[in-house]
Amino acid sequence: MEREHLRGSLFLAIVVASALLQACAPSLATVREHFDSYDAFLLRLERLRVAHPDVVSFEPIGTSHEGRSIVAVRVAGPLVDPASAPALLALFGEHGDEHDSIDLGLGLITHLATGYGSDPTITSLLDRKVVWMVPMMNPDGAEFDRSGTVEPFSWRKNRRPTSETSWGVDLNRNWEPRWGWKPESDANDPDSGWFAGERPFSERETQAVRDFLLAHREVRIFLDYHTGFAPFMQGGVGFPIPKAEADLPPTRRARLETLAAGVAAAVTNPRDDRHAFVVPDSPDAAKTIRPLAPWWARPFIPESIPPAPGTSGEWVYGELGTAVIGFEISRDWSYFRGLPSSQSELVENQSRGLLFLLEELSSDTFHEH
Ligand SMILES: [Zn+2]
């Protein structure tokens, strides 16, 4: 009953936010001006690798339905011991219409690569620990979203044909163990933006990231950067509770809360009242968190977030026992999925959160699972 009430409130908030989104929808020309094509994205990566050959390398980990390489980027110093170094994986662009996420991934790679050798903190961390990033998990969806065929910022899925008249699966609903569990109303509808696929891991893109993680068990923290929920919690830091809330023992919940709260504190901009906050997972938590949010965001903060089944974070925590933290980011807090007023400010803020987590990262982070 309570869950139904929460879903109802969330639905209302989504309707209001959608109307506001329509009112300030960015144009195709603006999107193309600010966000890279897939080819330009690859070129930026290659330039980073050439400029920082000791620190940046990348490898294909799979191929999208339309044949584009899905790339994993490794950022680590030459002194790091690959046999024992703990690692972190950050995932960007799981949804095709979340271009800010992809751009942030490239910005963070640049920040770390240029900081190695000049910033003592970054240098020390990257000599002991490894950062993996998948900066564009869904290249087909991102290309389609900026193609002009659909409204920009509207194509969330990949581009595999799923019926004679339907395309695409929501990659962040295609994972086990709760694939199809209490499906959202349209998770079984191929025409829906939230279509979960015909079966778990039906998509090449989800298979690629899953197989990478299975081959890299040294990854102890997993970060998933989105923008789709930004109207509710811009700058928000969440922590998925996989399988079911009850599965999380108190000690592990406390550890995750500490990590998430530390990231939230790190990314909060001290110069204004725009606070990052840990996404509430209970009505009690919401009471504490609401006052921290900017006034205009408060109506959009639900009492708690209904767990979305079939997400990447659920599988990574549930199957691998890795700490998972989700982000909802936007460049400009005053716009809904806003266009950049300051890309460098977003990278600067989010890099503080990333460095906090790198400090916390160790081989036994969550290893008792
Ligand atoms: Zn998303």
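Predicted model: local features only at pLDDT ≥ 70, side-chain atom pairs only at ≥ 80, totals over all residues.

Student: At what angle do helix α3 and helix α4 pack?

Tutor: Helices (H or I, at least four residues) and strands (E, at least two) are DSSP runs numbered from the N terminus. Axes are lines fitted to C-alpha atoms, for helices over the stretch in contact, and angles run from 0 to 180 degrees between N-to-C directions. For α3 (residues 38-51) and α4 (residues 99-115), the axes are 11 Å apart and the angle is about 10°.

Student: Which residues make the contact of α3 with α4?

Tutor: Two residues are in contact if their C-beta atoms, placed from the backbone, lie within 7 Å. On α4 these are I102, L106, I109, T110 and A113, and on α3 they are F41, R44 and L48.

Student: Which residues does I109 contact beyond its neighbours within four places in sequence?

Tutor: I109 is among the residues with the most contacts inside the largest nonpolar core, which has 73 residues. Such a core is a set of buried Ala, Val, Leu, Ile, Met, Phe, Trp, Tyr and Cys residues joined through C-beta atoms within 7 Å. The largest share of this core, 7 residues, comes from α4. Leaving aside neighbours within four places, the partners of I109 are L48, V56, V73, V75, M133 and P135.

Student: How many of the 9 residues of helix α11 are buried?

Tutor: A residue is buried if 20 or more other C-beta atoms lie within 10 Å of its own, exposed if 12 or fewer, and partly exposed in between, with C-beta atoms placed from the backbone. Among the elements covering the buried residues of α11 are β3 (87-92), α7 (204-215), β7 (219-226) and β9 (323-328). Helix α11 (residues 312-320) is largely enclosed by the rest of the structure, because its number of buried residues is 7.

Student: Is F153 buried or partly exposed, and which is F201?

Tutor: F153 lies in the loop between α6 and β5 (161-163) and has a positive phi of about 65° although it is not a glycine. F201, in the loop between β6 and α7, also has a positive phi, near 55°. With 23 C-beta neighbours inside 10 Å, F153 counts as buried. With 16 such neighbours, F201 counts as partly exposed.

Student: Which residues does a cis peptide bond join?

Tutor: Most residues other than glycine have a negative phi, and most peptide bonds are trans. P177 is placed in the loop between β6 (166-167) and α7. Omega is about 0° for the cis bond, which joins E176 and P177.

Student: What is the handedness of the crossing of α9 and α12?

Tutor: Helix α9 (residues 250-267) and helix α12 (residues 343-360) pack at about 145°, with their axes 7 Å apart. A crossing is left-handed if the near helix is turned anticlockwise from the far one by less than a right angle, and right-handed if clockwise. The crossing of α9 and α12 is right-handed.

Technical notes. Residues numbered from 1 in each chain as written.
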